[in-house]
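Look at the sequence and the model below before reading on.

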Amino acid sequence: VLLHQLSPKVHLHLVTGDTHGTVATKVAGLPLELHIVSSGRLDEQKEAIVRSLGAENVVAIGNGANDRLMLRTALLGIGLIQKEGGAPLALHEADILCLSIVDALELLIYPSRLQATLRN
């Protein structure tokens with residue numbers, strides 16, 4: 001439901017190493033473009049995708065060590081600490097930390113929450 005709320009406002013991309021090989025099936029029918037990176041430096045591949053999309057227009061969300069470069073490169077990096085945890089390398093590069101993907105997506109749906117978090 002959250003992805004459907006966001007999709008009229010932004011172009012959604014899912015960039016993943018697809019550890020379990022199940023992502024395509026799980027996201028079938030969702031309003032997003034799927035990018036599966038594999039072999040080699042996943043962190044560099046993910047960063048390259050962010051750059052190709054125009055990093056100044058990208059909000060990246062991730063929790064793994066291989067997400068660290070895309071979180072650093074994107075205009076806004078949201079690090080996740082979910083049940084599977086969050087890699088300290090990734091969390092260090094994030095601008096904001098959230099406890100779930102739902103929380104992260106809601107920040108984008110309700111941008112005034114971002115203002116409160118990022119104000120200095």
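What follows starts with how to read the model and then takes its parts in turn.

This is a predicted model, in which local features need pLDDT of at least 70 and side-chain atom pairs count only at pLDDT 80 or more, while totals for chains, interfaces and linings use all residues. Residues are numbered from 1 along each chain as its sequence is written, and side-chain values use heavy atoms, with hydrogens and water left out.

Begin with helix α3, residues 42-53. Helices (H or I, at least four residues) and strands (E, at least two) are DSSP runs, numbered from the N terminus. Helix α3 has 12 residues and spans 17 Å from its first C-alpha to its last, close to the expected 16 Å. The expected span is 1.5 Å times one less than the number of residues.

Which residues of α3 are buried? They are Asp43, Lys46, Glu47, Ile49 and Val50. They lie on the same side of α3, because they cover an arc of only 155° around the axis; the arc is that of the directions from the helix axis to the C-beta atoms. An α-helix has 3.6 residues a turn, so residues three or four places apart point the same way. Buried here means under 20% relative accessible area, exposed means over 50%, and partly exposed is in between (1.4 Å probe, protein chains only). The cover over the buried residues of α3 includes β1 (13-16), β2 (33-36) and α4 (68-73), where contact means heavy atoms within 4.5 Å. On the face of α3 turned away from the buried side are the exposed residues Arg51 and Ser52. Just after α3 comes Gly54, with a positive phi of about 90°.

Asp18, at about 50°, lies in the loop between β1 and α2 (23-27). Ser39, also at about 50°, lies in the loop between β2 and α3. Are these two residues buried or exposed? Asp18 counts as buried because its relative accessibility is 15%, whereas Ser39 is exposed, with a relative accessible area of 62%.

Now turn to the charged side chains. The structure holds 7 salt bridges, each being a side-chain nitrogen of Lys or Arg within 4 Å of a carboxyl oxygen of Asp or Glu. Asp43, one of the buried residues of α3, forms a salt bridge with Arg41, their closest N and O atoms being 2.6 Å apart. Asp43 has 7% relative accessibility, while Arg41, at 42%, counts as partly exposed. Arg41 also meets Glu44 in a salt bridge (3.3 Å, N to O), and Glu44 is partly exposed at 40%. A network of salt bridges links Arg41, Asp43, Glu44 and Arg68. Elsewhere, the side chains of Arg113 and Glu106 form a salt bridge of 3.5 Å, N to O. Arg113 is partly exposed at 38%, and so is Glu106 at 23%.

Ile81, Leu97 and Leu99 form a nonpolar patch with about 290 Å² of accessible area together. Patches are made of residues with over 30% relative accessible area and no salt bridge; like charges are joined within 9 Å, and nonpolar side chains (Val, Leu, Ile, Met, Phe, Trp, Tyr) within 5 Å. Accessible areas come from the Shrake-Rupley method with a 1.4 Å probe, and for residues only the protein chains shown count as cover. Leu99 is in the loop between β5 (96-98) and α6 (101-109). Leu99 counts as exposed because its relative accessible area is 61%.
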